[in-house]
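Subject: Handing over a structure

Hi,

I am passing a structure on to you, and I hope you enjoy looking through it. My notes on what turned up follow below.

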Amino acid sequence: MSNETITITDNRTGKTFELPIENETIKAIGLRQIKVKDDDFGLMTYDPAYMNTAACKSSITFIDGDIGILNYRGIPIAQLAEHGAYLETAYLLLYGELPNPTQLKAWTDAIHLNMAVPEAAINVIKAFGPNAHLMGVFQAVIAALSTCYPDSKKVHDQANREHQIHRLIGQVATVGAYIYRNQKGLPFIAPNPELSFAGSFLNMMFGKAPHPALEHAMEILFILHADHEQNCSTSTMRLVSSADTDPYASLSAAAAALYGPLHGGANEAVLKMLANIGSVGNIPAFIESVKKGEGRLMGFGHRVYKNYDPRARIIKKTAYEVFEVTGKNPLLDVAIELEQIALHDEYFVKRKLYPNVDFYSGLIYQAMGFPEEFFTVLFAIGRTSGWLAQWNEMMNDKDQKIGRPRQIFLGHGERDYVDMKQRV
Ligand code: CMC
């Protein structure tokens, strides 16, 4: 028993129970001993949407949402965005420390060596027509990769896991570029190991070496999106792979969660919203409609941040650097004014709704030439390193079993089947 405990009195029976408190948490399973009769199931916790449930122990990403802090392995996100590179950040997330030059070279080479996508997956990409949503295609192709790599089923073999990690971190970029080019009817371009990760990706997308400022912005955006602890898609990654599912199938499921407009799909929804608002003059009417519950201010609000999302601050700064090269996105003025009005409006202030990572990212992506439907794919390419770091951590966690929540059953008691003729 730890030094810190909580004593619970069950007022139904008058019995008391002492439960250990560790890391400001009690183990939900400890409540099971609280029961009226010996053959009762025991108490459970009810927590729809996991508002107050720690589903794992993790050492990867720390967020303090009240003051807007985000650290990867202890290092503030702003420092990584200013000084780091995406593959270096991915290494940090996976292995816990920044790589030394030898480690970084070996790691970067391993990713670049594994960026080519197998023929079968290329055929899957080509099967989709120009109207297929790019995030739906991305998800399908990542699932298809599972069939190309049957060795990936050896999920308890650390060396094998690392091989799949190299493949996935690299291939999500290639798959992303190819699904875009397939939609445009353009030939595919092979990855170039001489370029940075973002540089190779942009080269595969647009068929030319990117402007250094745009390449730098892309690296920053991948870093900012790389991990965000137990969000909806990462929890999906953990839950699906807790069944020993291979990482391609699990990552495809995580991508499906990210696709939703309340999660990674918000960046696409923000751009649609800004375009619908159209001009600064229309903002007050739009804000009123949100306050009446007729829709949400997309790119605002967060389950954990009750302050300015630190990623949004960095993205806003990066936007200006991108616009120096591409010219200003005409929707920027609408976004800035919308942010200002919302930050001072009682409805948003009272609910602690601030811009999140998705509010400004779409403006940058659009200025760089990405179509709206591709924005969430960009999020997924960066987040892949975080999904895999969380997966690898989970596979090394001795407490981990297959994820399996309970339910409060409110349906019928047992009753007989009724023959069709007797049903009215
Ligand atoms: N616009 C207007 N009202 C909002 C918004 C918003 N964007 N977000 C929350 N609210 C209101 C909500 O109506 C509720 O009000 P009331 O208490 O009167 O019913 C209150 O704020 C609490 O909202 P909630 O839905 O209980 O909060 P949540 O923690 O379950 O949801 C969220 C978090 C991110 C899903 C939500 O803020 C939202 O829908 N935001 C817009 C979509 C978005 O930008 N998503 C990207 C999130 S960050 C990146 C990522 O995770 O992918």
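Does Tyr46 count as buried or exposed, and at what relative accessibility? Tyr46 counts as exposed because its relative accessibility is 63%. Here buried means under 20% relative accessible area, exposed means over 50%, and partly exposed is in between (1.4 Å probe, protein chains only).

Before you go further, please keep in mind that this is a predicted model, in which local features need pLDDT of at least 70 and side-chain atom pairs count only at pLDDT 80 or more, while totals for chains, interfaces and linings use all residues. Residues are numbered from 1 along each chain as its sequence is written, and side-chain values use heavy atoms, with hydrogens and water left out.

Surface patch

Tyr46 sits in the loop between strand E2 (16-20) and strand E3 (61-64). Helices (H or I, at least four residues) and strands (E, at least two) are DSSP runs, numbered from the N terminus. Together with Phe41, Met44, Ile408 and Leu410, Tyr46 makes a nonpolar surface patch of about 580 Å². Patches are made of residues with over 30% relative accessible area and no salt bridge, with like charges joined within 9 Å and nonpolar side chains (Val, Leu, Ile, Met, Phe, Trp, Tyr) within 5 Å. The accessible areas come from the Shrake-Rupley method with a 1.4 Å probe, and for residues only the protein chains shown count as cover.

Pocket and cavity

Rolling a probe the size of a water molecule over the atoms shows where empty space is left. On a 1 Å grid over the protein atoms alone, a cavity is a set of points where a 1.4 Å probe fits but cannot get out; a pocket is an open set with protein on both sides within 12 Å along at least five of seven lines, and lining residues have an atom within 4 Å of a point. Grid points are joined across faces, edges and corners, and a volume is the space filled by probe spheres set on the points.

The second largest pocket holds about 300 Å³ of space. Its lining has 17 residues, and Ala78, Ala81, Glu82, Ile314 and Lys317 are the ones nearest its centre. Strand E4 (69-72), helix H1 (77-83), helix H8 (212-225) and helix H13 (310-326) are the elements that give two or more residues to this lining. H13 gives the most, with six residues.

By the cavity rule, the count is one cavity of 30 Å³ or more. The largest cavity has a volume of about 40 Å³. Its lining consists of Phe128, Gly129, Ala132, Leu134, Val137, Ile179, Asn182 and Gln183. H6 gives the most to that lining, with three residues.

Salt bridges

Side chains of opposite charge can pair when their charged atoms come close. The count is 15 salt bridges, each being a side-chain nitrogen of Lys or Arg within 4 Å of a carboxyl oxygen of Asp or Glu.

One of them joins Arg167 and Asp151, with the closest N and O atoms 3.2 Å apart. Arg167 lies in helix H6 and Asp151 in the loop between H5 and H6, so this pair ties together parts that are 16 residues apart in sequence. Arg167 counts as buried at 11% relative accessibility, whereas Asp151 is partly exposed at 24%.

Arg12 and Asp10 also meet in a salt bridge (2.8 Å, N to O). Finally, a network of salt bridges links Glu268, Lys272 and Glu372.

Best wishes
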